[in-house]
Amino acid sequence: MSKQYKSFTEELKIQCPELPKDKLKDVTTDSGLSTLEDFRKHEFVNFEAKREDLYRLSMDIEAYAVKNYAPLLATFETEALYKYVQKRYTEILKKIPHAWIIGGFDDPFLIPPDSVPATAEILSCLDTNIEKMWIVVTRGENGPFGLVAEDLGNDKFRGFFTMDSKIIENVIKIINDTMRIKIKFSKQ
């Protein structure tokens, strides 16, 4: 029987003790961290942010996946948050090799099967510690990278962006173990 953790982030810290403990950085638009390239240059950024700041970074990661024909993993806390981007995501999913869309979905017909390609897996993480997470991951030239943040409530998130594929692989392992699925970002 596996140990239950209070939060996804807490579990990640236990499974990934090498996770950097850098000070929180400002990631608002005027902080010098406004593009994906800015984040990639830093390689690892701990932050506390508002939804609008993460939305901008998420869109940059999604655009990178499309431009580089790379797989994408994206989590959504609620159905409403997915519905907000559903039209854009329907187009993204047609332009990448594989995607895992995971969310706190309690409506099995939220996403009509004929609106997404067969290469997209739509999964519910309802009632798991993944439900409060904002995760957007794609694959770069050195392996998977992305954004991992926990919803603190009141439009605040705490998390990190990393280019370290070992950290992202630990994130994916927790998702795989929790949901009993197999997300794999290695090159085919």
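**Exercise 1.** Determine at which residue α4 bends, and by how much.

Solution. The bend at a residue is the angle between axes fitted to the seven residues ending there and the seven starting there. For α4, a bend of about 65° is found at Q86. Helices are DSSP runs (H or I, at least four residues), and strands are E runs of at least two, numbered from the N terminus.

The model is predicted: local features need pLDDT of at least 70, side-chain atom pairs pLDDT 80 or more, while totals for chains, interfaces and linings use all residues. Residues are numbered from 1 along each chain as its sequence is written, and side-chain values use heavy atoms, without hydrogens and water.

**Exercise 2.** Classify the ring pair of Y82 and F105.

Solution. Rings of Phe, Tyr and Trp (its six-membered ring) pair if their centres lie within 6.5 Å; planes under 30 degrees apart are stacked, over 60 edge-to-face and the rest tilted. The centres of Y82 and F105 are 5.8 Å apart and the planes stand at 70°, so the pair is edge-to-face. Y82 belongs to helix α4 and F105 to the loop between β3 and β4, 23 residues apart. Both Y82 and F105 are buried (under 20% relative accessible area; exposed is over 50%, partly exposed in between; 1.4 Å probe, protein chains only).
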